[in-house]
Amino acid sequence: MYTRPAKRIRPPDDQLFVSLIRTMCAAVPVAVALGAAPASAAQDPSNLAFVDAVGTQQIIDWVRRTVGRALTYEYRHLDDLERFVADVGTTAYIGRQDAHLDDDRTTLTRQKIVVTARVVGVGVRDLRADRAQLLVYWDQTRTRGDVDRTETTGSASIVEIRMVDGTWKLDGLTPA
Amino acid sequence: MPPWVVVLGALLGVLVAAGVVALLFLPGAGQDLPGDAGAGSPSTSAAATVGASVAATRDEARRAAEDIAVTLATLDADGLDAGLDRWEQVSTSPLLETLRERRSEVADDTRRAGTTTTAVPSSAAVSRLTADSADVLVVLRVTVSSDDGDPVVSTRREVVTVVRVDGGWRAGALTVQDPG
């Protein structure tokens, strides 16, 4: 509603966040090439979102659990993030994230960055047997320890997931 | 047991399952949709029909929510009555009552600010679906313009609850999802 000026939803500006987004964005052209639904997808009976009620709920639950954790990190325990992403990401995603994390580790440590992300909304745009595309609302509280500053921001992202060996894996995330 | 008995039993089982799914999807049923008709499930024409119906409802609801969100984010200080009429035309209870209660307040604020607010949908996805209602996440790019300065563009996260009314879709609730 327009009545009150909307809070501007600003993406967090720390380097790891940018790296995480870069990592995830790289997967999007692949997803489009594979036929993921465009933003204005017309009626599509082959899209199983909500047609397969059980499968839809499963990916909503999985994304709700996984995305928040994959965007949460602390400068003293970046290895925890690497291990988590290694468990839930596709091979390509893991490789991209590792490279970006290596680039940013020094800055994150110097600034004593602590970030907690929480998924606050999940919608399903497209669901196939081996891939899915979701719209995710998530909030992130970021503390820069060296200057003792904390801020909370909200984001909306398109999340791509893929089925690999019978398990859903995180493949991409890009601003909605 | 003769083979035809086994075949008949299997067919009956499939038809009963399809019937249960169809009942869940009857308008007004209100349950979360539907039974599992997903990949790998036995394909029957009844199940396929129900699946197509669910898909159609899902896609209609998403498009309607996008359109309604844009309408409810659009208001021009120079056309207040027409804009506020459009808000009420795309709404139903309980949102409609709220809009009516606040109509004069909104009009006064907008007239005083002299703003024009427009919106473009960026993305949308259904988060809950029944036969006659849906919650839809809608991301808008909202532009607020006035004579005083440059337009201000922001991204807005909304959850729009749409319900079927007289064969169409209207918004029964709208929440702006601010961070925090």
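Reader: Which residues of α3(A) and α4(A) meet?

Author: This is a predicted model. In it, A:Thr66, A:Arg69 and A:Ala70 of α3(A) meet A:Phe84, A:Val85 and A:Val88 of α4(A). By type, the residues of that contact are 4 nonpolar, 1 polar and 1 charged.

Reader: At what angle do helix α3 and helix α4 of chain A pack?

Author: At about 145°, with the axes 10 Å apart. Helix α3 covers residues 53–70 of chain A, and helix α4 covers residues 78–88.

Reader: Is the crossing of α3(A) and α4(A) left-handed or right-handed?

Author: Left-handed.

Reader: Over to chain B. How do the axes of helix α3 and helix α4 cross there?

Author: They cross at roughly 160° and come within 10 Å. The two helices of chain B, residues 80–89 and residues 95–113, are therefore roughly antiparallel to each other. α3(B) passes α4(B) in a right-handed crossing.

Reader: Which residues make the contact?

Author: From α3(B), B:Leu80, B:Leu84, B:Trp87 and B:Glu88. The residues from α4(B) include B:Leu96, B:Leu99, B:Arg100 and B:Arg103. The contact of α3(B) with α4(B) has 7 nonpolar, 1 polar and 4 charged residues.

Reader: What pLDDT does chain B average?

Author: 83, and 76% of its residues score at least 70. Over residues 1–30 of chain B, though, the pLDDT is below 50. Residues 34–40 of chain B are also below 50. Where pLDDT is low, the coordinates should not be read in detail.

Reader: And what ipTM and pTM does the model score?

Author: ipTM 0.77 and pTM 0.77.

Methods. Residues numbered from 1 in each chain as written. Chains lettered and ligands numbered in written order. Predicted model: local features only at pLDDT ≥ 70, side-chain atom pairs only at ≥ 80, totals over all residues. pLDDT = per-residue confidence, 0-100. Contact = placed C-beta atoms within 7 Å. Axes fitted to C-alpha atoms, helices over the stretch in contact; angles between N-to-C directions. Helix = DSSP H or I, 4+ residues; strand = E, 2+ residues; numbered from the N terminus. Parallel < 35°, antiparallel > 145°, perpendicular 65-115°, else oblique. Left-handed = near helix turned anticlockwise from the far one by under 90°. Nonpolar A, V, L, I, M, F, W, Y, C, P; charged D, E, K, R; others polar.
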